[in-house]
Structure formats: structure tokens, C-alpha cells
Amino acid sequence: MTLEILLFYFLGAVSVGSALMMVTRRSPVMSALYLILNFFALGGLYLSLHAQFIAFIQILVYAGAIMVLFVFVIMLLNLGDEKKLNEKFSWKKIVGAGLSFGVLMELIFVFAYSKTNLPPSQFEKATDIGTVENIGMQLFTTFLFPFEVTSVLLLAAIVGAVVLAKKKLN
Amino acid sequence: MELQSYLFLSAITFIIGVVGVLVRRNAIIVFMSIELMLNSVNLTLVAFSAFLGDVTGQMLVFFAMTVAAAEAAIGLAIIIAMFRNKQTVNIDDINILKW
């Protein structure tokens with residue numbers, strides 16, 4: 001039990017720290033690498049929630065496939081570091097950051113006071129629901145239609161990416 | 001471990017993503033911040049799924065990841081097309097649709 005709490009705080013600290021580093025680095029490559037670290041920490045958190053399948057596709061799809069795409073595009077465009085993080089002072093950014101801090105306070109307030117309205121914890125059942133077997137069973141029975149629609153979505157994404165990124169032919 | 005801890009963590013990560021979108025001017029970093037926000041919502045869904053004993057949250061995360069993969073491919077293609085036309089990824093220089 002105490003190991004679980006220790007793991008949560010370690011992975012949570014890595015997750016928040018790497019997210020902060022991702023937002024504040026000047027070089028896009030460093031940002032991408034910190035985002036990969038953040039995805040690994042999230043994968044660890046999913047494992048601690050007994051969601052094994054989600055943890056593995058988090059590492060495979062997010063940290064593997066999507067972030068490779070990002071790093072590939074950053075290197076393809078050959079972007080240098082930004083000169084300064086904040087080229088010009090602007091009230092829009094201050095107001096935006098202040099408002100998002102307000103939203104954070106609101107969310108924390110809501111979560112902290114929602115305790116009484118939650119149903120009782122079913123955490124001991126969680127080991128059974130996150131397995132590949134159970135996820136696959138649900139995916140091909142209850143969620144079969146959304147799963148099939150996903151293939152159309154991916155086809156549209158492939159066609160769209162090819163059309164958008166190709167050179168003009170004239 | 002309590003459900004609230006995971007919700008606080010995902011709220012903090014989500015807000016870091018929001019600040020990234022609002023403050024940074026590099027289109028690729030704005031895009032990565034959006035991925036960060038998607039991931040923090042995924043953490044909320046998995047936490048609820050584990051603590052309520054329901055598989056629906058994890059299915060939703062699975063579909064959110066599919067959408068994120070499609071979105072990353074399209075978004076990066078748009079950034080490449082933009083860079084080809086304007087030679088920049090700074091979103092302050094790409095303002096022909098702004099008022």
C-alpha cells in the first residue's frame with residue numbers, strides 16, 4: 001500500500017515536471033523528448049491503475065508512433081531554437097495564464113468537494129477489467145460499431161495527410 | 001490511493017497544457033501541448049474506470065488514442081504545408097484567418 005503511494009507521487013512528479021519542462025524549453029526537440037518522458041510516466045500511472053492494455057498502447061502508440069512523427073517533422077523542418085521564449089510582452093498571454101490558473105483552482109475545488117457524491121470505490125475489481133482479454137472481448141462485442149468506424153477515421157486521416165502534405169501539381 | 005489524487009494530477013497536467021497553448025508561439029509546441037491535454041483527460045478516464053469498476057472509460061481512452069493519432073498526422077501535414085508557404089511555424093506570422 002505504501003509502495004503504491006510512493007509510486008504515485010514519483011510518477012506524478014515526473015509527469016508534472018516533464019510537462020512543465022515541455023512547455024518552457026526553447027528547442028522543439030527538447031520539448032518533444034520531455035513529452036515522451038511524460039508519456040512514459042503516464043504509462044506507469046496506467047499500470048498502477050491496473051489498466052495494462054492502455055498502458056502498453058500508451059507506450060507503443062503515443063511514445064512510439066505519434067512522438068516519432070513529431071520528432072520527424074521537427075527535424076524535417078529544421079527548426080532552430082526560439083530566440084527568446086517571450087519575444088514581446090503581451091497582456092493577452094498574462095490574461096490567458098491567469099484565467100487558466102483560475103480554471104485550475106476551480107477544478108481542484110470541484111474535485112476536493114465531490115467526495116461525498118462519488119459511489120464507493122471498486123478498486124479491488126480493477127485487476128480484472130484492464131486485461132487484454134477483457135478489453136478485446138468488450139471491443140468486439142459492445143463496442144464493435146465504434147471500432148469499425150475507427151477504421152474509416154484512420155483512412156480519412158491517411159488520405160488527408162497525403163493530400164495536405166503533397167506538392168502542388170501545376 | 002484515492003480517486004481524487006489522480007483527478008488533481010490530471011487537472012494540473014491539463015492546465016499546463018492550456019498554458020502551453022496560450023503562451024507559446026511555435027505551432028509544433030502548441031500542438032504538443034494539445035497532446036498533453038488529451039493525455040491528462042485520458043488519465044481521468046482511466047482513473048474513473050478503475051475506481052468505478054467499469055470498462056467503458058478504458059474503451060473511451062482507446063478511441064481517444066485513435067483520434068489523437070489521426071489528429072497528429074493531419075495536424076503535422078497542415079504544419080508542413082504552412083511552412084512550405086510561409087517559411088515559418090510562428091503562429092503570430094500566420095494570421096490571414098485572424099481578424
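The points below go through the interface, some helices and a few backbone details.

1. A reminder before the rest: this is a predicted model.

2. Let me begin with the interface. Chain B brings 56 residues into contact with 69 residues of chain A. On the chain B side, the elements giving two or more residues are helix 1 (3–23), helix 2 and helix 3. Helix 3 of chain B supplies the largest share, 20 residues. By class, this side of chain B has 43 nonpolar, 11 polar and two charged residues.

3. Within chain B, how do helix 2 and helix 3 pack, and at what angle? Helix 2 (residues 27–52) and helix 3 (residues 56–86) have axes 9 Å apart and an angle of about 175° between them. Because of that angle, helix 2 of chain B is roughly antiparallel to helix 3 of chain B. From helix 2 of chain B the contact includes B:Phe31, B:Leu38, B:Leu45 and B:Phe48, while helix 3 of chain B contributes, among others, B:Leu60, B:Val61, B:Ala64, B:Ala68 and B:Ile79. The residues of this contact divide into 12 nonpolar, six polar and one charged.

4. After helix 2 of chain B comes B:Gly53, which has a positive phi near 65°.

5. Helix 3 of chain A (residues 52–77) deserves a look too. Its 26 residues reach 36 Å from the first C-alpha to the last, close to the 38 Å expected. The helix bends by about 30° at A:Met67. Just after helix 3 of chain A, A:Asn78 takes a positive phi of about 55°.

6. Which residues of helix 3 of chain A are buried? They include A:Phe53, A:Ile54, A:Ile57, A:Tyr62, A:Ile66, A:Phe70, A:Val73 and A:Leu77. Their cover comes from both chains: it includes helix 2 (28–48) and helix 6 (132–139) of chain A, together with helix 2 and helix 3 of chain B. As background, an α-helix has 3.6 residues a turn, so residues three or four places apart point the same way.

7. A:His50 has a positive phi near 65° and is found in the loop between helix 2 and helix 3 of chain A. B:Gln87 has a positive phi of about 60° and lies in the segment after helix 3 of chain B. Is each one buried or exposed? A:His50 is buried, because 20 other C-beta atoms lie within 10 Å and 20 or more is the cut-off. B:Gln87 is exposed, because its count is 9, and 12 or fewer qualifies.

8. Lastly, a word on A:Gly17, which sits in helix 1 (residues 2–24) of chain A. With 14 other C-beta atoms within 10 Å, A:Gly17 is partly exposed. A:Gly17 and A:Leu139 are 122 residues apart in sequence, and their C-alpha atoms are 34 Å apart in space.

Key: Residues are numbered from 1 along each chain as its sequence is written. Chains are lettered from A and ligands numbered from 1 in the order in which they are written. This is a predicted model: local features need pLDDT of at least 70, side-chain atom pairs count only at pLDDT 80 or more; totals for chains, interfaces and linings use all residues. Axes are lines fitted to C-alpha atoms, for helices over the stretch in contact, and angles run from 0 to 180 degrees between N-to-C directions. Helices (H or I, at least four residues) and strands (E, at least two) are DSSP runs, numbered from the N terminus. Angles under 35 degrees count as roughly parallel, over 145 as roughly antiparallel, 65 to 115 as roughly perpendicular and the rest as oblique. Two residues are in contact if their C-beta atoms, placed from the backbone, lie within 7 Å. Ala, Val, Leu, Ile, Met, Phe, Trp, Tyr, Cys and Pro count as nonpolar, Asp, Glu, Lys and Arg as charged, and the others, Gly among them, as polar. The expected span of a helix is 1.5 Å times one less than its number of residues. The bend at a residue is the angle between axes fitted to the seven residues ending there and the seven starting there.
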